[in-house]
Amino acid sequence: MSRIVILGGGPGGYEAALVAASLGAATTLVDSDGIGGACVLTDCVPSKTLIATSETMTSVAAAPALGLAGRGVPARPAGTWEGSEPHLTPPEVLSIEAKRVNNRVRELAHAQSNDIEARLRREKVTVVHGKGRLVGPQAVETDQGDVFIGDVVLIATGAAPRVLPTAEPDGERILTWQQLYELPEVPEHLVVIGSGVTGAEFAGAYRALGAAVTLVSSRERVLPGEDPDAAMVIEDVFRGRGIEVLNRSRAASVRRIGDGVLVELSDGRTVTGSHALMAVGSVPRTKGIGLTEVGIRLGSGGHVVVDRMSRTSVPGVYAAGDCTGVLPLASVAAMQGRIAMRHALGESVTPLRLGTVSSNIFTDPEIATVGVTQRMKDSGAIAAEVVTLPLARNPRAKMLGISDGFVKLFCRPGSGSVLGGVVVAPRASELILSISLAVANGLTAEQLANTFSIYPSLSGSITEVARMMRSEDLFAAFDETL
């Protein structure tokens, strides 16, 4: 029987353990933080639970746009029903009880962690709670002195929030995103440092919960790594909802001043607030666990270097998840872990295909993407036709009072194969699946266009944009014959 030892219990680790156990391997998982890792306990699950609460506040705030009135919900003048009200504040009928919100966040996270651990144990995975380190290519030692030997070892230790020496978190006023859920009250004025995915998600969520928010971005726009059209929508929504966005503004330091914080910008300006959230990226958790001592190669940023089969530079040692720096997504970590175990145990397996990975940003509206990007098209790296359809034209969106967002489709010239897509909409995380299926299976725009969608539905915009793409192809072919 093969022996598998896994270091780290996040999505990469626990999914790998389940696969290894299902294939008959004796599997041991060593974890120090709680099964599910940061994803379940302090990152993805808690943040999206908080965002679910904020989305409810946003929906209620838009009630007047749908013709609703009541205690604390002012009636709108006749004839002003069109469109959404992105800048409305929550009505008096609702109030935020931060302790209850945060208690729910923590309870759901721990319940999810317990569910995962219970399943691991049902599948006969040995779960060991403790800090582990490699003491040989196939040996993991815990801080209790136990040593576990495996024919194969998987490293899945994840990542941690990046800390700046001039803005060290104190857990009270200067915070990482892992510390927000201990706050007794919603911040009066939250200064968010960093406008990437994490910063944008929390900026939008806390504004919806009633906090004043200032977003400090060192780049020209929020979400600089995302589709530029999608980022523009989110920045416009943020400004419309009263978020102060400071673009091209780099934070030099953050420090406590009484019951608040002072953020000093590199150009000499200052921003004050009640709290500061540091959202300046993550660092891999690869130090002090014996990786370089056994010959595992690390990248310049400290990430474990792996190939598409999740193999490291040392035979028999694999790695998965955020510690590899491939893509900081739970879905990618889980896939890396599954691929690693299937490969290690001699099963047929397809290498990791990043071109088919879908991702989502849980702002309001959400941004979901898959496959080819606008940047790839604009740079000439990929030849693609692109069509964009504003969500405001969708009948279901009009009924729901939604005016912000769009669906964008990238297709291969000639064949019409779907190469990628972007959806900016409420629940874009659900809507992107049909485009992801098309990308993964080489479907064409015509096949998408000829698929029945519900009328009225937001997903109808996906088939509609495919029909627009097909029409453009037909007109192009017609022009070539003239």
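The following questions and answers cover a predicted model and the terms used to describe it. In this predicted model, local features need pLDDT of at least 70, side-chain atom pairs count only at pLDDT 80 or more, and totals for chains, interfaces and linings use all residues. Residues are numbered from 1 along each chain as its sequence is written, and side-chain values use heavy atoms, with hydrogens and water left out.

Q: How do you know how many helices and strands the chain has?
A: Helices (H or I, at least four residues) and strands (E, at least two) are DSSP runs, numbered from the N terminus. By that rule the chain has 13 helices and 23 strands.

Q: Why does the radius of gyration of the chain agree with that of a compact globule?
A: The radius is taken over C-alpha atoms, and the globule rule is 2.2 Å times the number of residues to the power 0.38. For 482 residues the rule gives a value near 23 Å, and the chain has 24 Å, so the two agree. The C-alpha trace spans about 75 × 70 × 45 Å along its principal axes.

Q: What makes strand 4 and strand 5 a pair, and in which direction do they run?
A: Two strands pair if DSSP finds at least two bridges between them. Strand 4 (residues 132–136) and strand 5 (residues 139–142) are joined by 4 bridges, and they run antiparallel. G136 stands opposite A139, while G132 has T142 as its bridge partner.

Q: What is the packing angle of helix 1 and helix 7, and what is the hand of their crossing?
A: Axes are lines fitted to C-alpha atoms, for helices over the stretch in contact, and angles run from 0 to 180 degrees between N-to-C directions. On that basis helix 1 (residues 11–22) and helix 7 (residues 330–344) pack at about 35°, with their axes 7 Å apart. A crossing is left-handed if the near helix is turned anticlockwise from the far one by less than a right angle, and right-handed if clockwise. The crossing of helix 1 and helix 7 is right-handed.

Q: Which residues make the contact of helix 1 with helix 7?
A: Contact means heavy atoms within 4.5 Å. Helix 1 contributes P11, G12, E15, A16, V19 and A20, and helix 7 contributes A330, A333, A334, G337, R338, M341 and R342.

Q: What makes K124 stand out in its backbone?
A: Most residues other than glycine have a negative phi, and most peptide bonds are trans. K124 is not a glycine, yet its phi is positive, about 70°. K124 lies in the loop between helix 4 (98–122) and strand 3 (126–129).
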